[in-house]
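Dear colleague,

I am passing on the structure below, followed by notes on what turned up in it. Please read the notes alongside the coordinates.

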Amino acid sequence: MIAEMDVAAFCRQSHVLIVAGKGGVGKTTVAAALARATARCGLRTLIIELEASSGLAAAFGQSHGLSYHESSLELGGPGGPNSGERADPGAEGPGRTEGSGQGEIRGRVLTPDDALLDYLADHGLRRVSKRLMSSGAAEVISTAVPGVRDILVLGKVKQLERTETADVIIIDAPAAGHAITFLTSAAGLLDSARGGPVRSQASEVVEMLSDPSRCQVILVTLPEETPINEAVETAYKLEDRVGISLGPVVVNGLYPHLEGLDVDPLAVAGAAGITLAGGQAEAMREAAVFRGRRQQLQSEQVRRLAEALPLPQITLPYLFTTSIGVAQSAMLADALVEGIRALPEPGPDGYGGQLPDLAFTGPVSPGDLGP
Ligand SMILES: Nc1ncnc2c1ncn2[C@@H]1O[C@H](COP(=O)(O)OP(=O)(O)O)[C@@H](O)[C@H]1O
Ligand SMILES: [Mg+2]
């Protein structure tokens, strides 16, 4: 029997989990599923959205988006109302740790402007901050120095991490290109700022980002060429420039493997005593060829990712649905938990310590990887 990764141990590995990847690959969807997985282990979970979208709230059955103030997305306790999980505490659901009930999931938005106001208020400048906001000066300050907006946000995340307000904090990060800037700007500011509050803030942020017990990045990608290239590039840049710990890569949207795509529709219908109407057999054949081709392309891309990026993968199925609601989000959490169970044990520096140094020199094209 293969050793199983303990799901609760995985979820407890780092205090902050940053979900990053190219726009549209499913970061928000995966962040929601991950929150369900950590909450199922009994952990109090806080999701922070950096770019407000209604996708996250929808995955918890809420029609209105999140706000700056924390709100409960799902209550704790066995099953929890609205959780999409079975309410029977004895149920052998995936990820359920015996006796540990469901942790509450809370959510909030965090923008640089909010973070600046908080920073000023924390430093006894609440009255100033009101005037700054109404005069539009806050915007000027936070955009004056490159990287300051990112430091404000990450500084706030670091503060939340320190207050133990949640057992796990999940960050729904900005799209890949911006995620690199976002996560590397603290290190950049450390080089340029000589002293003062910006430098100390940057140094504390870098400390958090480079400590695997406090923070790790979970990259999300689709099994497609461009998102995979971006994921590989992002992984190496983050390791190299910030020394940030990388968790497993989540490959989202994998078509479930269908058997029997190569059967002849006419023959099968005939054997079952069914007469197909004109064009039906041909339409079925075309659909089967299309699906088979998609499956094949996807597995080629997954293989390419494995060769280009030596991180363990967790795959999530493509769900044939128009939107991700509570039920779909819970299904993806099941798949995530299953994937976590199958992971190898991480090293002391997470999985990223396994990345070969500076092996990455540019986007990988399929031709680079041999036959
Ligand atoms: N596994 C999946 N199956 C089906 N649809 C998905 C899946 N993951 C994400 N989606 C859909 O894809 C779109 C993009 O996902 P989203 O999580 O918003 O991506 P991102 O946050 O990276 O921009 C959304 O419409 C979402 O509902
Ligand atoms: Mg998103």
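Around ligand 1 there are 17 residues, of which Gly26, Lys27, Thr28, Thr29 and Leu319 come nearest; a residue is near a molecule if its C-beta atom, placed from the backbone, lies within 6 Å of it. Helix H2 (27–40) and S8 are the elements that give two or more residues to this shell, and H2, with three residues, provides the largest share; helices (H or I, at least four residues) and strands (E, at least two) are DSSP runs, numbered from the N terminus.

This is a predicted model, in which local features need pLDDT of at least 70 and side-chain atom pairs count only at pLDDT 80 or more, while totals for chains, interfaces and linings use all residues. Residues are numbered from 1 along each chain as its sequence is written, and chains are lettered from A and ligands numbered from 1 in the order in which they are written.

The mean pLDDT (the predictor's confidence in each residue, from 0 to 100) of the protein is 85, and 84% of its residues reach 70 or more. Confidence is highest in strand S8 (residues 249–254), at a mean of 98, and lowest in helix H6 (residues 137–144), at 68. Over residues 86–99 the pLDDT is below 50, although this stretch has 21 contacts in the model beyond near neighbours in sequence, a contact being two residues whose C-beta atoms, placed from the backbone, lie within 7 Å. Residues 358–371 also stay under 50 in pLDDT, and for them the model has 12 contacts beyond four places in sequence.

Best regards
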